[in-house]
Amino acid sequence: MAVHTSPLFPTAADLSGDRPRVALRAIEMRGPYPSEGDLVRTHIDLLCEDFLRALRDQLDEIRAQRRHAVAYTVRGTRVVLKKESRRQAGIEMSFDASRYENVRWEDGQRFLTGNLVLLTTDLEALSHFIVGVVLESKPLMLREGRVQLKLVRGVNKHGEFKLLDQGSFVGRTFSLIESDQFYFPYLHVTNALRGDLKKLSQAGFVQEMVRAQLPSRPPKYYTYLKEKKLMAVGRSGALLKQLAAELNPSQVVALKHVLRNKVALVQGPPGTGKTYLGCKIAQYLVALKNERAGLLKGPILVVTTTNHAVHEFLTRCTSFTDKIIHGYSNMHERTVYGVLQERYDAALSLPVRRSLMKLADILAMTTTRAAFMRSALDKLDIKIVIVEEACEAPEGYVLASIPRTTEHVIQIGDHKQLRPSCACQPLADSHHLDLSLFERLVRNGADCPMLNEQRRMRPEVCDLVRPIYPTLADHPGTLQRPCVRGVDLRVPVFFHSTSAPEQQDGKGYSRRSEAEMVAELGNYFVSTGYDPSCITILTTYRKQMSCILQRIRSFGDEARRIRVTTVDNFQGEESDIVILSLVRSNRDGNVGFLKLENRACVALSRARDGLFMFGNLDCLAASGAPIWGHVRRVLTEAGRVGDALPLVCLHGKKTAARCGADVRLAAAGCSECRLRAPMGAAGADSLGTRWAEFHERRHADGPDAEEDTTVDSAEGSPPAEGVAQPVVTPADKGSADAPAAPQLNLLSALRGLGRGRRVVPCGLDLVGERRVDDVGHSPRTADGRQPGPSEASLLRVAGRGRFTGLGSCSLDACKSSAPLWLSDAPGAGQPLLPLGRGRGRKLRA
């Protein structure tokens, strides 16, 4: 029997602290539902209860005086009127913006349009309140301490609110509490489901989705094409043959499977091209639709969980059609995919927009938007729905997105990655609310081919998730992933493991020392020439994300562009370099939701070139989660775990980074790095080229080619900016052997042009500076000529020098009595500077 029979709208009884728990039907993980009505009502009840329990828990914390700081003190200032009718639309409230100077309103996490707020004059007991919905909340308004609400007494089945008299609240003061859970999706998804009690039978999905009778039957249009022998005919047939030649074998199998199954599932592990395949399927269906207009009427509907995922999909689709519409709300940024999108954006009325949607080849939107627009979608004669990232969407959201005329549902996802998120985790645990339609059908025996060739991760990254996907193969292109600049690792995969304890704050966790180090590492990679768009910092807790962002915002403009987000928000995306902050560190092996293999899988599989993990690996492995035991075993055997991250500059100076200060020191670079710092975009390109050459030389020289010049930790600081650096002139201007030499910066000269060059003199210890690495020197040969590269290698003589002041340099322990020359490349031209003969020769600026 249904529990929530009315549209979702909280009452005082719903939010009472002593409200008894209601009896709810759990989602059937295996086996059939008695009827389609039971299936739909189960999801309505569970989604309504998920929102209400989360809101009730939020209020209980305030009643317990643990969260009073989250309440805004607001005062009604004026009634907001509709432009066209001059009727009441809402009320503008003011609050003291000075209390929120540190809030970044642009982040869009507060006063979301469509979210629910509660106004009360009794913050202690919260026994009575007025319900409101956010009407408008632009960042400029919020910075000025203004927000527009509509205060309501209920909502109808169409999601339309019943307004109170807004004028009666002008001049009154309230405490305002905004719901932590976004109200808009819950309201419109449950409303769409209420109108769908007969939809599944109309669309013919009862056998697969209700009775769980699988495998699925073929869609009607496929049966028709097969009977008429039209599959290989015309442009669509030629395209099908072309796709069969372009796709890899597992993708070809998936394509054929999709066309033959009315309810089709395709599993795509990380980096296997789920979106790519989805677009190829859409390309074929568009060609078929345009070739046989009477067979597939209406646009192909693509739904997914985020507007970012929609944009990624549609951007690929522009290669084969410009009849594309992204059905976003008025709150989101516009992207022009073609003339049709421009016309859609310019249209103000729903009838005009609906007529434009009929003209589209592909219509795409989020599942929430599809539920909100269901009445319009039902009138477009849509036959095919493609669900991208299907395993992230709750089943109720997917059901609410399927128009009544649909004949073919294609779901592409991976049930081994993140499950749908729920506001109330106990409800997910007990009633399986975090089970997607995709996974439920897999559990009931649906055919689900898996894409088995990944093109994203270097193999050493993929090895971390290999137990989850034993048959996953690496495309040959992943074997050629570039080295990561500034890291002294041939394979840039490393776990920086420390035992510093975590800090708990409410339901969240953080580690400030870890947050500082990962932020500094992001900034360090920017200093090596990476564009910030190539770097992503991921973390598993929002508290930690706040700590990282606080540090990132203290850097320069470039570093501030580094993306910092949670693992859950990054599924389906990738980055060249991923810095992963795992946070959890305690003696009990308690790692919370990190114990879930699905979440660990996403966290470990986002990086293309380099993955740098931070946390307590012993704690993670002690949790008993097999995935973390595997990660520790693989990384320990490869020697890629430790409490010091090995960093290296372009000139071979190494730093064993144990904390943020060490990384900051490495980012400052050695003396030569500072002298040769590139400027502008051209400089960044030059820096990238130099790093590529650096890694090429390192690989050519072999692992033992460099001398050990590791600096264990931060010792002092780089010299102050603006301090004049010493300049050396020829020591013996009268020497017949000495060529005319230009003035040369001493530190630049002594460090040469980087690793692999033979320069004189040997390494120095500098007063007031960090240790400079040994670089060796090359004497002249017996006949007075400079040795060639091979001879230079043989004649390389170890020595030690000491920098005694800004203007002098004494050379000691030089074992050759031959004249020493400062040269950037022995045997490759004239020496730059003579340094004289023997020991103890002093040069002064």
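This is a predicted model: local features need pLDDT of at least 70, side-chain atom pairs count only at pLDDT 80 or more; totals for chains, interfaces and linings use all residues.
In the pair formed by helix α1, which spans residues 36-63, and helix α3, which spans residues 183-194, the two axes come within 10 Å and cross at roughly 160°. Because angles over 145 degrees count as roughly antiparallel, α1 is roughly antiparallel to α3. The crossing in which α1 passes α3 is left-handed. On the α1 side, the residues that meet α3 are V40, H43, I44, L47, C48, D50 and F51, and their partners in α3 are Y183, Y186, V189, T190, L193 and R194. When the residues of this contact between α1 and α3 are sorted by class, nine are nonpolar, two are polar and two are charged.

The other pair consists of helix α8, covering residues 249-260, and helix α9, covering residues 274-291, whose axes lie 11 Å apart and which pack at an angle of about 45°. This angle makes α8 oblique to α9, and the crossing in which α8 passes α9 is right-handed. The contact draws on Q251, A254, L255, V258 and L259 from α8, together with Y276, L277, I281, Y284 and L285 from α9. Sorted by class, the contact of α8 with α9 comprises nine nonpolar residues and one polar residue, with no charged residues.

Taken by handedness, then, α1 passes α3 in a left-handed crossing, whereas α8 passes α9 in a right-handed one.

Terms used: Residues are numbered from 1 along each chain as its sequence is written. Side-chain values use heavy atoms; hydrogens and water are left out. Axes are lines fitted to C-alpha atoms, for helices over the stretch in contact, and angles run from 0 to 180 degrees between N-to-C directions. Helices (H or I, at least four residues) and strands (E, at least two) are DSSP runs, numbered from the N terminus. Angles under 35 degrees count as roughly parallel, over 145 as roughly antiparallel, 65 to 115 as roughly perpendicular and the rest as oblique. A crossing is left-handed if the near helix is turned anticlockwise from the far one by less than a right angle, and right-handed if clockwise. Contact means heavy atoms within 4.5 Å. Ala, Val, Leu, Ile, Met, Phe, Trp, Tyr, Cys and Pro count as nonpolar, Asp, Glu, Lys and Arg as charged, and the others, Gly among them, as polar.
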